[in-house]
Amino acid sequence: MFLIVLASLNCAACASIDGAPKPVIDLRSTAEIPEEYKVATVTEAIGDELDTAKAKRWRNRTIAIYMAAMDARYGEFRKALAGESKGWNAGLDISVLGISSLGAVAKKSSNELAALAAFLSGTRNSLNKELYFDRTLPALIATMDASRTRVRSTIMGRMRDDISQYPMELAFSDLASYELSASIDAAIQQVTADASVAARAADEKYKNAVASCNPIAALRPNLQRLNNYVYDLAAGADNGTPPAGSPDQAKLDRLAKIAVAVDAEPSTTATTKAEASTQADAIIDATAGICSVDGLETLFATMKGATGETVP
């Protein structure tokens with residue numbers, strides 16, 4: 001019986017299911033840094049290079065090598081996280097099923113087997129809860145991906161700078177941040193912080209709703225005008241960032257001016273559809289407490305003063 005239990009647990013350790021195809025580029029060959037690109041070696045060599053254009057190319061090649069290695073390691077890390085969940089859960093399910101079945105036929109050992117099956121069931125539940133391998137893991141991975149993208153974008157932007165503006169020492173510092181951005185602990189902190197921000201925003205909207213009035217029939221046409229006008233301006237970003245001087249750009253500029261006039265945040269000109277929608281929502285929220293026809297007409301006059309355009 002003990003051997004069967006061991007076999008079931010061994011199955012748990014080997015039942016991992018690959019969540020992605022086998023990589024074409026070998027991890028070992030990608031993640032290994034050549035000797036000439038080790039930190040001390042390349043930093044000293046680039047520092048001694050008098051040809052600044054050559055030094056810049058050398059620096060950028062070094063950055064690319066290190067990012068490729070970090071990406072390979074991160075890919076293996078993600079694969080291991082997913083595989084651990086699938087493998088252990090599936091293996092423990094098989095163990096519980098096998099041991100429970102044995103308990104049905106082995107009367108003398110039924111109590112012991114039942115206890116062991118309960119222990120394994122509890123182990124599976126603990127794995128799910130403690131290691132975030134159920135619904136939480138995708139959110140943590142998405143958060144890590146977003147953090148890595150932010151740092152990567154910064155590095156890629158700095159690679160256009162001259163070697164004097166972005167020396168190898170600073171590049172290695174940014175690369176260290178890129179590597180550290182793939183952290184479960186940091187992802188948990190970020191998810192928690194985002195949830196707190198969302199909770200505060202929801203609470204603020206609730207307070208605004210309670211403080212605002214129920215619109216009477218006389219208010220509804222003007223409220224509709226306000227809503228239509230603000231979201232029509234926000235539509236200037238529906239197709240991405242509009243060209244400078246275009247009608248859509250003018251809409252987004254007016255939207256930002258209205259946000260400033262009514263003390264709504266954010267108040268800078270939006271450059272994406274998400275930013276424009278957020279700005280429009282903020283304007284509507286900031287004006288939610290206006291509960292009279294006269295108050296709305298005053299608001300429209302304020303908006304006209306900010307944009308030079310009458311609310312249609």
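This note goes through the salt bridges of a predicted model.

1. In this predicted model, local features need pLDDT of at least 70 and side-chain atom pairs count only at pLDDT 80 or more, while totals for chains, interfaces and linings use all residues. Residues are numbered from 1 along each chain as its sequence is written, and side-chain values use heavy atoms, with hydrogens and water left out.

2. A salt bridge here is a side-chain nitrogen of Lys or Arg within 4 Å of a carboxyl oxygen of Asp or Glu, and by this rule the model has 8 salt bridges.

3. One of them joins Arg148 to Asp71, with the closest N and O atoms 2.7 Å apart. Because Arg148 lies in helix α6 (residues 136–158) and Asp71 in helix α4 (residues 52–105), the pair ties together parts that are 77 residues apart in sequence; helices are DSSP runs of H or I, at least four residues, numbered from the N terminus.

4. Arg148 is buried, at 9% relative accessible area, whereas Asp71 is partly exposed, at 27% (buried means under 20%, exposed over 50%, and partly exposed in between, with a 1.4 Å probe and protein chains only).

5. Asp71 also forms a salt bridge with Arg152, whose closest N and O atoms are 2.9 Å apart, and this pair ties together parts of helices α6 and α4 that are 81 residues apart in sequence.

6. Arg78 forms a salt bridge with Asp145, the closest N and O atoms lying 2.9 Å apart. Arg78 lies in helix α4 and Asp145 in helix α6, so this pair ties together parts that are 67 residues apart in sequence. Arg78 is partly exposed, at 33%, and Asp145 is partly exposed, at 24%.

How values were computed: Helices (H or I, at least four residues) and strands (E, at least two) are DSSP runs, numbered from the N terminus.
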